[in-house]
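Biologist: I have a fold open on my screen and would like to learn how to read it. Could you take me through it step by step?

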Amino acid sequence: MSGRETMVRRTGGMEVKADRDESSPYAAMMAAQKVAERLKELGVTALHIRLRATGGSRTKTPGPGAQSAMRALARSGLKIGRIEDCTPIPTDGTRKKGGRRGRRL
């Protein structure tokens, strides 16, 4: 296995009904548990995690559910090898949204 294949795909929006809860830690944890369940059925025992935030000219920190999803994967009995951050970092990106004086409330 090269690591380029997608074996299981699950998002927070598949787990909760309300739109506002899609990016919550609870939805991420539920999605991670379902992923771990399916991976065990497929015979996978260990994995490497690649973490990605929006990046570019937007936020470079991962969302609120990233840490709880990783914790749920670890708690489910899967062995975690490497945790790699693959957020795109601009070398000289485009201008940030919001204008010269920023977002005013």
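Biologist: Does Lys60 count as buried, partly exposed or exposed?

Modeller: Some ground rules come before that. This is a predicted model, where local features need pLDDT of at least 70, side-chain atom pairs count only at pLDDT 80 or more, and totals for chains, interfaces and linings use all residues. Residues are numbered from 1 along each chain as its sequence is written, and side-chain values use heavy atoms, with hydrogens and water left out. Buried means under 20% relative accessible area, exposed over 50%, and partly exposed in between (1.4 Å probe, protein chains only). Lys60 has 36% relative accessibility, so it counts as partly exposed.

Biologist: Which backbone oxygens does the side chain of Lys60 reach?

Modeller: For a polar contact, look for a pair of N or O atoms within 3.5 Å; within protein, one must be able to donate a hydrogen and the other to accept it, and residues adjacent in sequence count only if both atoms are side-chain atoms. The Lys60 side chain reaches the backbone oxygen of Gly56 at 2.8 Å and that of Arg58 at 3.2 Å. Contact in general means heavy atoms within 4.5 Å. Leaving aside neighbours within four places in sequence, Lys60 is in contact with Ala53, Gly55, Thr87, Ile89 and Pro90.

Biologist: Where is Lys60 found among the helices and strands?

Modeller: Helices (H or I, at least four residues) and strands (E, at least two) are DSSP runs, numbered from the N terminus. Lys60 is in the loop between β1 and α2.

Biologist: What unit do β1, α2 and β2 make?

Modeller: A crossover is right-handed if, with the strands pointing away from the viewer, the path from the first strand over the helix to the second runs clockwise. Here β1, helix α2 (residues 66-75) and β2 make a right-handed β-α-β unit. Two strands pair if DSSP finds at least two bridges between them; strand β1 (residues 46-51) and β2 do so in the parallel sense over 5 bridges. In that pairing, Arg50 stands opposite Glu84 in β2.

Biologist: Why does β2 lie largely in the open?

Modeller: Of the 7 residues of β2 (residues 79-85), the number buried is 0, so the strand lies largely in the open.

Biologist: And which residues are buried in α2?

Modeller: Ala66, Ser68, Ala69, Met70, Ala72 and Leu73 are buried in α2. The buried residues of α2 pack against α1 (25-42), β1 and β2.
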